[in-house]
Amino acid sequence: MTVFIISGKKGALDDLINERFAGDKENLIMILQAINKEYNYLPRPALTYVSTRLDVPLSQIYGIATFYSMFSLEPRGRNIVTICLGTACHVRGGERIKERLESYLGIHAGDTTEDMRFTLETVRCIGCCSLGPVVTVNEKVYARTDSEKTLKTLDQYE
Amino acid sequence: MRITKKDHLKKIRAGVQDSLYAPPLLKLNIGMATCGIAAGAKEVYDEAREIFKKQDVLVARTGCLGLCEEEPLVDIQTPGQPRIVYRRISAEKVLELVEAHQRAEYPEKSILGQMKDPRSVLEDDIDNPLNGIFSSNGIPTLEEIPFYDKQLKIALRNCGYIDPESIEEYIGRGGYFSAFHALHAMEPDDIIEAIKISGLRGRGGGGFPTGIKWATCRKAHGEKKYVICNADEGDPGAYMDRSVLEGDPHSVLEGMIIGAYAIGSNEGFIYVRNEYPLAVVRLVEAIKQAENYGLLGDDILGSDFSFNIKISTGAGAFVCGESTALMRSLEGRVGRPRAKYIHTVEKGYRESPSTLNNVETWANVPVIMGKGAQWYATLGTEKSKGTKVFSLVGKVKNTGLVEVPMGTSLRTIIYDVGGGILRKKKFKAVQTGGPSGGCVPEGLLDLPVDYERLTQAGSMMGSGGMIVMDQDTCMVDVARYFLEFLQEESCGQCVPCREGITRLLQVLNDICAGKGKDGDIELLEDLSDTVVKLSLCALGGTAPNPVLTTLAYFRDEYISHIYDKKCPGGVCKELFYYEIDEENCNGCHVCFRKCPEQAISGEKKELHTIDQEKCIKCSICYEACKFDAINIK
């Protein structure tokens with residue numbers, strides 16, 4: 001059987017399901033969020049395991065994994081670059097940053113570079129509208145940015 | 001310690017008055033909401049902590065004071081001196097600033113304004129702590145700055161004034177007294193009556209009267225009832241709820257406690273967007289503190305009422321802001337809305353009666369109970385009472401969060417509070433109500449903002465996003481943008497929404513790509529009509545609003561796109577080109593240096609030209625030119 005390691009602990013998926021989320025089906029989305037956070041995506045073996053443990057059909061889990069935009073069924077890069085395309089960022093040029101990054105990284109939004117260094121994503125608003133356009137890399141927010149500044153920022157991430 | 005008596009609350013309140021209003025040492029309050037942190041407040045905070053760890057200087061964090069444009073904001077309290085808020089303070093500047101203060105000097109360039117009266121609406125039982133300290137010393141007060149002058153802070157009463165992770169400071173500004181009074185001295189029906197009298201309506205956008213919602217839920221049959229806080233603030237361009245959760249999470253908890261008691265519920269949920277990690281952290285901490293003081297859990301505040309709150313994080317689905325979808329998501333399922341022939345107040349979460357209100361609605365409740373429903377009802381217009389928080393963003397000078405009485409005109413909000421349009425450009429439209437809202441043109445700027453008037457104008461209040469657009473915005477592109485958003489976010493279960501929005505988007509994409517044809521406008525109108533009438537939920541039912549309002553107010557732009565193949569805003573790349581104006585170009589060479597495609601040629605001090613073959617219309621030259629010498633053709 002596959003052993004899942006979460007936060008460096010073996011067998012932690014069980015603990016996560018049981019202790020943090022009381023083995024409750026209602027917490028399925030939050031369980032998937034925790035797995036997604038650990039691996040940067042939802043590995044199929046983990047989903048199969050959750051399905052058995054919670055007695056929820058895998059098809060239903062697949063439904064959730066594809067309905068909510070934060071989940072990914074494909075491995076993602078070491079760094080997640082997210083361009084905000086909320087309305088305020090849109091009118092201040094978010095789209096142009098996206099085009100520039102796409103051509104620079106040679107991928108489309110939603111994809112990952114071959115060397116797994118970057119995954120490029122878009123989001124509709126992170127609530128930093130006053131400081132747009134905004135780009136986030138992993139958890140860090142870069143405000144009042146533009147394509148040139150963003151390209152320079154990316155150099156800091158390996 | 002468990003709070004069971006009013007004296008306990010009073011004691012805590014008295015205990016923090018000094019740290020709130022008369023700190024014994026110089027105190028830095030650094031605005032650390034997401035907006036502040038994005039602008040560098042975390043670095044300022046860390047730096048200040050490091051520099052002053054051995055010195056007699058207090059360093060504290062607060063939420064957002066609203067003027068996000070000028071973040072990081074640092075508010076300095078010095079014993080016996082004016083309390084001054086500084087703007088755009090970087091980590092490098094902070095030491096200099098404090099040293100100046102210690103010499104009783106106030107670096108003029110960085111001053112935003114001094115506080116005249118920091119009390120919240122719930123604190124008129126204490127004297128203004130700045131009496132005798134505030135003086136007309138030439139430093140403008142925050143109230144004299146147009147941005148703050150027209151505002152009245154109810155939902156945002158504590159944002160920027162307290163440490164959001166300190167329940168004591170919340171109590172220090174009159175918090176939890178309303179809950180105490182409600183639980184000990186009022187019957188549930190009296191509370192509901194008070195909410196009805198106050199005229200409070202849903203701040204999430206629907207505008208349904210909160211009192212009626214609570215009354216129906218109270219009367220509904222069901223062993224268990226639930227109260228839910230909708231913090232799934234999905235409208236792009238709106239971040240009122242984020243700011244309240246990050247700056248004053250207890251105001252929401254207190255509102256929910258009062259609501260739960262009124263309805264007869266012992267279990268509550270806060271459904272918060274996953275895109276707001278800091279809000280989640282602050283809520284988790286707030287709930288823990290409230291539990292420790294006996295404000296949540298069993299026998300709250302020494303009464304026999306029990307109530308618990310759990311947090312559930314969303315996973316990125318706009319439609320989950322819709323009440324029935326949200327409740328399904330809470331149940332751990334796919335968030336698809338259902339038809340509302342049975343309302344959620346009768347059968348909602350787990351098929352039980354559920355009251356769902358938005359963050360801002362909950363945050364208003366303690367003030368209504370504390371100041372009285374009659375007082376609240378004096379604010380606003382005939383049918384829309386109280387205040388509304390808006391996030392004023394886009395091409396406006398003072399971007400930020402503003403809270404104004406209902407009925408304030410759009411012109412006041414944009415030109416007085418917002419300071420007008422950026423870079424002296426011409427105003428074109430203001431978009432309100434998020435993707436389901438609409439674009440309001442210049443001719444309607446004197447419209448007093450309330451639920452009915454905005455709906456009459458074809459837009460809606462929505463959750464409060466207000467995005468200002470200038471002459472460089474293409475209204476067809478704006479409609480296309482929102483439809484693209486809605487097409488991605490449609491849950492897909494009903495055909496009119498799923499296919500209707502997709503078709504609308506295809507037509508708009510064609511128009512923006514220069515492939516618009518005769519009959520497209522009529523097709524858009526026809527499709528919109530179908531989507532509005534036949535969609536299952538409000539997402540579909542209001543989805544065509546951006547198309548319909550832009551068609552109503554900016555039809556000429558559609559005509560230029562379709563018939564003249566021109567985009568007057570200079571946004572749709574197939575439909576315009578840049579040309580250098582022979583008269584205005586003085587050969588400053590800035591565009592030459594900035595062009596990423598080397599498409600501009602010309603010697604210094606000579607007329608420059610653009611090679612149309614090479615130009616990618618990235619607009620860098622257009623934005624860089626200070627002499628209006630780049631024209632959109």
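The questions and answers below concern this predicted model.

Biologist: How many residues of chain B are in contact with chain A?

Modeller: On the side of chain A that touches chain B, helix 2 (28-39), helix 4 (58-67) and helix 5 (87-91) each supply at least two residues. The contact takes in 32 residues of chain A, and its partner side in chain B has 39 residues.

Biologist: Which class of residue on the side of chain A that touches chain B has 19 members?

Modeller: That side of chain A includes four charged residues and nine polar ones. The class with 19 residues is nonpolar.

Biologist: How far apart do the C-alpha centres of domain 1 and domain 2 of chain B lie?

Modeller: In chain B, domain 1 spans 19-142 and domain 2 spans 176-375. Six residues of domain 1 of chain B are in contact with nine residues of domain 2 of chain B. On the domain 1 side, these divide into four nonpolar, two polar and no charged residues. The C-alpha centres of the two domains are separated by 33 Å.

Biologist: Which strands are the edge strands of the five-stranded open sheet in chain B?

Modeller: The sheet has mixed pairing and the strand order 2-1-3-4-5. An edge strand here pairs on one side only. In chain B, these are strand 2 (57-62) and strand 5 (111-114).

Biologist: What is the bridge partner of Tyr86(B) in strand 5 of chain B?

Modeller: Strand 4 (residues 84-86) and strand 5 of chain B pair in the antiparallel sense over three bridges. The partner of Tyr86(B) in strand 5 of chain B is Ile111(B).

Biologist: What angle does the direction of helix 3 of chain B make with that of strand 1 of chain B?

Modeller: Helix 3 (residues 41-51) of chain B packs on the sheet, touching strand 1 (26-31), strand 2 and strand 3 (74-77) of chain B. Its direction and that of strand 1 of chain B make an angle of about 155°.

Terms used. Residues numbered from 1 in each chain as written. Chains lettered and ligands numbered in written order. Predicted model: local features only at pLDDT ≥ 70, side-chain atom pairs only at ≥ 80, totals over all residues. Contact = placed C-beta atoms within 7 Å. Helix = DSSP H or I, 4+ residues; strand = E, 2+ residues; numbered from the N terminus. Nonpolar A, V, L, I, M, F, W, Y, C, P; charged D, E, K, R; others polar. Domains from an automatic or database assignment. Pairing = 2+ DSSP bridges. Axes fitted to C-alpha atoms, helices over the stretch in contact; angles between N-to-C directions.
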